[in-house]
Amino acid sequence: MNNKLLSGIGVVALVIATFYFTSPNKNYKDLEKQLKVSYVLHNPDKKLPFFSLVDHNNNKFDNNNFKGKWTLLSFIYTHCPDVCPTGLMDMSILKSTLIKRGINIVPNLVAITFDPARDTPGVLKTYVTYFDKDFLGVSGDQVQINQLIKPFGAYYERVVYAKNGKPTVLKNDEPLPKGVLEFGYLINHTAWIYLLNPDGQIFAGFPAPHNPIKMADDIELLIKNY
């Protein structure tokens, strides 16, 4: 993906996140000053919309799957040439780092696709478990995924290339042109990783590029001070 475009999308995501999440808790504001590579996005008044998707084992995956545990979440697509593979590898390294440190709580790893038309549960299972056997891939209804990404400040757009190389950008609510699945398309997208708390709410965000070691430092602080 174009680096300038990625940077621009990242700035937009940060502005949206800052606008959307304003934590009323002064302790979290103090905590944020200690963080190296993350932002506290916690706001108990901002809940995720109800959703019902399917995981890579064809089991139902909804809001309840985020409750009672810590979760590291990323939005991806399996045809991504660079950003998504890098992010998933970073999440795997992060998990290994936390385990080596012997901390009691290691978040679950979840990846939800922007692109369910191509990323079926079977495709996702093969893809995400290549990076880490504990990853859980999630697919499902495109409309519900589009609603779910909004409170995260996540964004994507599909780019279809004509035979002469001319790109056409499709917004995420536009239907795919006929035949495009056969010839393929790319997706420009945000690349944040999110930490969800055991209440199933967004708690913190990690913008790209990711540093798994510094992320592990922040996660220890975030969980300890929750």
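**Exercise 1.** Which residues in α3 are buried?

*Solution.* Start with the ground rules: this is a predicted model, where local features need pLDDT of at least 70, side-chain atom pairs count only at pLDDT 80 or more, and totals for chains, interfaces and linings use all residues. Residues are numbered from 1 along each chain as its sequence is written, and side-chain values use heavy atoms, with hydrogens and water left out.

Next, find the helix: α3 covers residues 83-101. Helices are DSSP runs (H or I, at least four residues), as are strands (E, at least two), numbered from the N terminus. Now apply the cut-off: buried means under 20% relative accessible area, with a 1.4 Å probe and protein chains only. In α3 this picks out V83, C84, G87, L88, D90, M91, S92, L94, K95, T97 and L98.

**Exercise 2.** Which strands does α3 lie across?

*Solution.* Follow the helix over the sheet: α3 lies across β4 (71-76), β5 (108-113) and β10 (193-196). Then compare directions: α3 runs at about 170° to β4. Here axes are lines fitted to C-alpha atoms, for helices over the stretch in contact, and angles run from 0 to 180 degrees between N-to-C directions. Past the end of the helix comes G102, with a positive phi near 75°.

**Exercise 3.** Is S74 buried or exposed?

*Solution.* First place the residue: S74 sits in strand β4. Then check its accessibility: S74 counts as buried because its relative accessibility is 7%. Finally, list its contacts (heavy atoms within 4.5 Å). Leaving out residues up to four places away in sequence, S74 touches M91, V110, A111, I112, W192 and I193. Of these, M91 is itself a buried residue of α3.

Terms used
Buried < 20%, exposed > 50% of the residue type's maximum accessible area, 1.4 Å probe, protein only.
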